[in-house]
Amino acid sequence: MRLEPVRTETVDGMRVATFGEGTRRILAVHGITASLMAWRAVARHLPAEWSLVAMDLRGRGHSRDLPGPYGLARHAEDVLKVDEHIGGARVLAGHSMGAYVAVLAAERRRFGKVVLVDGGIPFAPLPPGTDVDVVIDATLGPAIARLSQTFPSAAAYVDFFKAHPALAAAWNADVEDYVTYDLVGPEGALRSRAVPEAVRRDGRDLHTERERIGAALERIEAPVVLLRAPRGLLDQPVGMLPDELVEPWRSRVRDEVVPDCNHYTILFDPRCAALVAERLTS
């Protein structure tokens, strides 16, 4: 059963959707090439007294036409604007890059809880002299290349994603709707809504702003929960946040590995989505 938003609105040019009618609100931030639809499966598992508010970040989804500058700090400002608009969320959550945005936002405003889903922990420092753009090409290159591709139909775009190693074995209606929501353009020349310039700038910040992210994480006053996937972006056996990266932060965050999921299925697999929803609301 598909879950539709009870309300969709525009806040300072950003698309904002509310799932559920509960008065206890969660504000959720998506990843680097994602959209608010990344959170729908989690929202389906919330208790009735809770609702989840998700936004399309600047340069993504139906907020793609908002101008730059981009960057994690700018997204954090946008998150706080949405939080003001909805009257204040009890919980702030972020997935992947959105977790880093959540860290920067939670440093500036007190939430009851901050939940970081497979993100938010500063990356290891790059070796001296490393070209950050080379690192981005190695890690985000395939994703950025996809953003410039065109597809003859929505079905062709869906088939492209069905071959993704992290999604192929876990395909469901939530994944398919997440994929098709991302499409823009005329039939015969459809493409992703994510703006390549925004993705590249935000990817740079994940590396160049690591000290700033770490300082913000230290200053968050609310309890911080970290939910990690044991497998990575391509379903490889090492997750995005391996143990050695998280170890220095275990006194600051409550760390939990969600069994048998990867970077994407931690939000899309029904069992994993239910666990994330429980951790958000408990």
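## Basis

The model is predicted: local features need pLDDT of at least 70, side-chain atom pairs count only at pLDDT 80 or more, and totals for chains, interfaces and linings use all residues. Residues are numbered from 1 along each chain as its sequence is written, and side-chain values use heavy atoms, with hydrogens and water left out.

## The sheet

Eight strands form an open sheet in the order 1-2-4-3-5-6-9-10, with mixed pairing. Strands and helices are DSSP runs numbered from the N terminus (strands E, at least two residues; helices H or I, at least four). Two strands pair if DSSP finds at least two bridges between them. Strand 1 (7–11) and strand 10 (254–257) are the edges, and each pairs on one side only. On average, neighbouring strands are turned by 20 degrees against each other, direction ignored. Axes here are lines fitted to C-alpha atoms, for helices over the stretch in contact, and angles run from 0 to 180 degrees between N-to-C directions.

## Strand 6 and its neighbours

Strand 5 (residues 91–95) runs parallel to strand 6, joined by five bridges. His-95 has Val-117 as its bridge partner in strand 6. Between strands 5 and 6 the chain passes through helix 3 (residues 97–108), and this β-α-β crossover is right-handed. Right-handed means that, with the strands pointing away from the viewer, the path from the first strand over the helix to the second runs clockwise.

Strand 9 (residues 224–228) is also parallel to strand 6, through four bridges. Val-117 stands opposite Leu-227 in strand 9. Strand 5 pairs with strand 3 (residues 24–29) too, in the parallel sense over four bridges. There, Ile-26 stands opposite Val-91.

## Burial of strand 6

Buried means under 20% relative accessible area (1.4 Å probe, protein chains only). Lys-113, Val-115 and Val-117 cover one side; Val-114 and Leu-116 cover the other.

## Two cores

A nonpolar core is a set of buried Ala, Val, Leu, Ile, Met, Phe, Trp, Tyr and Cys residues joined through side-chain atoms within 4.5 Å. The largest has 53 residues, and Leu-116 is among those with the most contacts inside it. Helix 3 gives the largest share of this core, nine residues. Leu-116 touches, among others, Ala-99, Val-103, Leu-217 and Leu-227. Contact means heavy atoms within 4.5 Å, and residues up to four places away in sequence are not counted.

A second, separate core has 45 residues, including Val-115 and Phe-161.

Notes: Buried < 20%, exposed > 50% of the residue type's maximum accessible area, 1.4 Å probe, protein only.
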